[in-house]
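Me: I'm new to this one. Can you walk me through it, a bit at a time?

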Amino acid sequence: HAQNFMLAYRKRHHSPPDAAAALGYDTLNLLAVAMRQAQSARPERIAQALHRLKPWAGVTGPFSFDEQGELHTRPIVLNVVRDGEWAYLGTMAEFKCNIRRSSEGLVKEC
(Lines give C-alpha, C1' and ligand atoms only; values in the text may rest on other atoms or scores of the structure.)
Protein backbone atom coordinates (compact mmCIF):
# COMPACT_ATOMS: atom_id res chain seq x y z
CA HIS A 1 0.00 0.00 0.00
CA ALA A 2 2.67 2.52 1.03
CA GLN A 3 4.97 1.38 -1.77
CA ASN A 4 2.21 1.89 -4.36
CA PHE A 5 1.58 5.40 -3.02
CA MET A 6 5.27 6.27 -3.18
CA LEU A 7 5.64 4.98 -6.74
CA ALA A 8 2.51 6.77 -7.97
CA TYR A 9 3.52 10.02 -6.26
CA ARG A 10 7.04 9.88 -7.67
CA LYS A 11 5.69 9.16 -11.17
CA ARG A 12 3.29 12.10 -11.05
CA HIS A 13 5.43 14.70 -9.24
CA HIS A 14 8.95 13.56 -10.21
CA SER A 15 10.04 13.68 -6.57
CA PRO A 16 9.49 11.54 -3.48
CA PRO A 17 6.51 12.35 -1.24
CA ASP A 18 7.15 14.15 2.02
CA ALA A 19 5.30 13.55 5.28
CA ALA A 20 2.67 16.17 4.47
CA ALA A 21 1.83 14.50 1.15
CA ALA A 22 1.49 11.08 2.77
CA LEU A 23 -0.62 12.38 5.67
CA GLY A 24 -2.80 14.38 3.29
CA TYR A 25 -3.34 11.27 1.19
CA ASP A 26 -4.26 9.24 4.29
CA THR A 27 -6.56 11.95 5.62
CA LEU A 28 -8.59 12.23 2.42
CA ASN A 29 -8.83 8.46 2.04
CA LEU A 30 -9.86 8.02 5.69
CA LEU A 31 -12.58 10.65 5.28
CA ALA A 32 -13.78 8.96 2.09
CA VAL A 33 -14.03 5.61 3.91
CA ALA A 34 -15.98 7.24 6.76
CA MET A 35 -18.31 9.05 4.33
CA ARG A 36 -19.05 5.79 2.50
CA GLN A 37 -19.72 3.98 5.78
CA ALA A 38 -21.89 6.86 7.02
CA GLN A 39 -23.59 7.15 3.60
CA SER A 40 -23.44 10.87 4.26
CA ALA A 41 -21.25 13.96 4.06
CA ARG A 42 -22.73 15.39 7.27
CA PRO A 43 -19.96 15.98 9.83
CA GLU A 44 -21.81 14.37 12.74
CA ARG A 45 -22.44 11.19 10.73
CA ILE A 46 -18.84 11.07 9.53
CA ALA A 47 -17.68 11.45 13.14
CA GLN A 48 -19.93 8.56 14.22
CA ALA A 49 -18.51 6.39 11.43
CA LEU A 50 -14.94 7.24 12.48
CA HIS A 51 -15.75 6.31 16.10
CA ARG A 52 -16.93 2.88 14.93
CA LEU A 53 -14.12 2.38 12.41
CA LYS A 54 -11.96 -0.67 12.92
CA PRO A 55 -8.23 0.06 12.69
CA TRP A 56 -7.64 1.41 9.19
CA ALA A 57 -4.29 0.99 7.42
CA GLY A 58 -3.00 4.14 5.78
CA VAL A 59 0.29 4.68 4.00
CA THR A 60 1.65 6.36 7.15
CA GLY A 61 0.44 3.59 9.47
CA PRO A 62 -2.76 2.52 11.23
CA PHE A 63 -5.55 4.89 12.28
CA SER A 64 -8.17 4.10 14.90
CA PHE A 65 -10.34 6.16 17.19
CA ASP A 66 -11.89 5.56 20.59
CA GLU A 67 -15.56 6.10 21.54
CA GLN A 68 -14.90 9.80 22.23
CA GLY A 69 -13.33 10.26 18.80
CA GLU A 70 -9.77 10.52 20.02
CA LEU A 71 -7.14 9.20 17.63
CA HIS A 72 -5.22 6.76 19.80
CA THR A 73 -2.80 5.16 17.36
CA ARG A 74 -0.56 8.24 17.16
CA PRO A 75 -0.33 11.70 18.70
CA ILE A 76 -2.05 14.62 17.03
CA VAL A 77 0.57 17.33 16.61
CA LEU A 78 -0.38 21.00 16.53
CA ASN A 79 1.65 23.50 14.52
CA VAL A 80 1.12 27.11 13.55
CA VAL A 81 2.73 29.32 10.91
CA ARG A 82 4.71 32.18 12.43
CA ASP A 83 6.74 34.53 10.26
CA GLY A 84 6.30 32.17 7.31
CA GLU A 85 7.69 29.16 9.17
CA TRP A 86 6.02 26.21 10.90
CA ALA A 87 6.25 26.44 14.70
CA TYR A 88 5.58 23.36 16.85
CA LEU A 89 2.94 23.93 19.54
CA GLY A 90 2.77 20.45 21.05
CA THR A 91 0.54 17.42 20.95
CA MET A 92 -3.19 17.32 21.66
CA ALA A 93 -2.42 15.49 24.90
CA GLU A 94 -0.40 18.51 26.00
CA PHE A 95 -3.29 20.77 24.99
CA LYS A 96 -5.91 19.36 27.34
CA CYS A 97 -5.76 22.92 28.60
CA ASN A 98 -7.71 25.84 27.13
CA ILE A 99 -6.53 26.96 23.69
CA ARG A 100 -7.17 30.54 22.68
CA ARG A 101 -6.18 32.71 19.76
CA SER A 102 -4.07 35.77 20.49
CA SER A 103 -2.21 38.32 18.36
CA GLU A 104 0.76 35.91 18.59
CA GLY A 105 -1.25 32.91 17.36
CA LEU A 106 -2.62 29.97 19.34
CA VAL A 107 -1.84 30.04 23.06
CA LYS A 108 -2.51 27.36 25.65
CA GLU A 109 -3.68 28.22 29.14
CA CYS A 110 -3.50 25.53 31.80
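Me: Let's begin with Arg 42. Buried, partly exposed or exposed?
Reply: Arg 42 is partly exposed, because its relative accessible area is 44%. Keep in mind that this is a predicted model.

Me: What does Arg 42 form a salt bridge with?
Reply: Its partner is Glu 44. The closest N and O atoms of Arg 42 and Glu 44 are 2.4 Å apart.

Me: And how exposed is Glu 44?
Reply: Glu 44 is partly exposed, with a relative accessible area of 38%.

Me: How many salt bridges does a search of the whole structure find?
Reply: One.

Me: What about Asp 26, then? Which side chain of opposite charge is nearest?
Reply: That is Arg 74, 5.2 Å away. Asp 26 has no salt bridge, yet it is buried.

Me: Where is Asp 26 found?
Reply: In helix H2.

Me: What is Asp 26 in contact with, leaving aside its neighbours in sequence?
Reply: Beyond four places in sequence, Asp 26 is in contact with Trp 56, Gly 58, Val 59, Thr 60, Gly 61 and Phe 63.

Me: Which element gives the largest share of the lining?
Reply: H2 does, with five residues. Helix H2 covers 19-38, and strand E3 covers 77-82. Each of these two supplies at least two residues of the lining of the largest pocket.

Me: How many residues of the lining are nonpolar, polar and charged?
Reply: The lining of the largest pocket has 12 nonpolar residues, two polar and one charged.

Me: What does Ala 34 touch?
Reply: Ala 34 touches Ile 46, Ala 49 and Leu 50, once residues up to four places away in sequence are set aside.

Me: How far is Ala 34 from His 51?
Reply: Their C-alpha atoms are separated by 9.4 Å. Along the chain, Ala 34 and His 51 are 17 residues apart.

Me: Where is Gln 37, and what does it touch?
Reply: Gln 37 is in helix H2 too. Not counting residues up to four places away in sequence, Gln 37 touches Ala 49 and Leu 53.

Me: On to the loops. What is the phi of His 14?
Reply: Phi of His 14 is near 60°, a positive value in a residue other than glycine.

Me: Why point that out?
Reply: Because most residues other than glycine have a negative phi.

Me: Where is His 14, and is it buried or exposed?
Reply: His 14 is in the loop between helix H1 (2-13) and H2. His 14 is exposed, because its relative accessible area is 70%.

Me: And what is the phi of Gln 39?
Reply: About 50°, positive although Gln 39 is not a glycine. Gln 39 is in the loop between H2 and helix H3 (43-52). At 73% relative accessibility, Gln 39 counts as exposed.

Me: Last one. Where is Thr 73?
Reply: Thr 73 is in the loop between strand E2 (61-63) and E3. Thr 73 counts as partly exposed, because its relative accessibility is 33%.

Me: What does Thr 73 touch?
Reply: Pro 62, Phe 63 and Ser 64, not counting residues up to four places away in sequence.

Note on methods. Residues numbered from 1 in each chain as written. Predicted model: local features only at pLDDT ≥ 70, side-chain atom pairs only at ≥ 80, totals over all residues. Heavy atoms only, no water. Helix = DSSP H or I, 4+ residues; strand = E, 2+ residues; numbered from the N terminus. Nonpolar A, V, L, I, M, F, W, Y, C, P; charged D, E, K, R; others polar. Buried < 20%, exposed > 50% of the residue type's maximum accessible area, 1.4 Å probe, protein only. Lys, Arg positive; Asp, Glu negative; His and termini not counted. Salt bridge = Lys/Arg side-chain N within 4 Å of Asp/Glu carboxyl O. Contact = heavy atoms within 4.5 Å.
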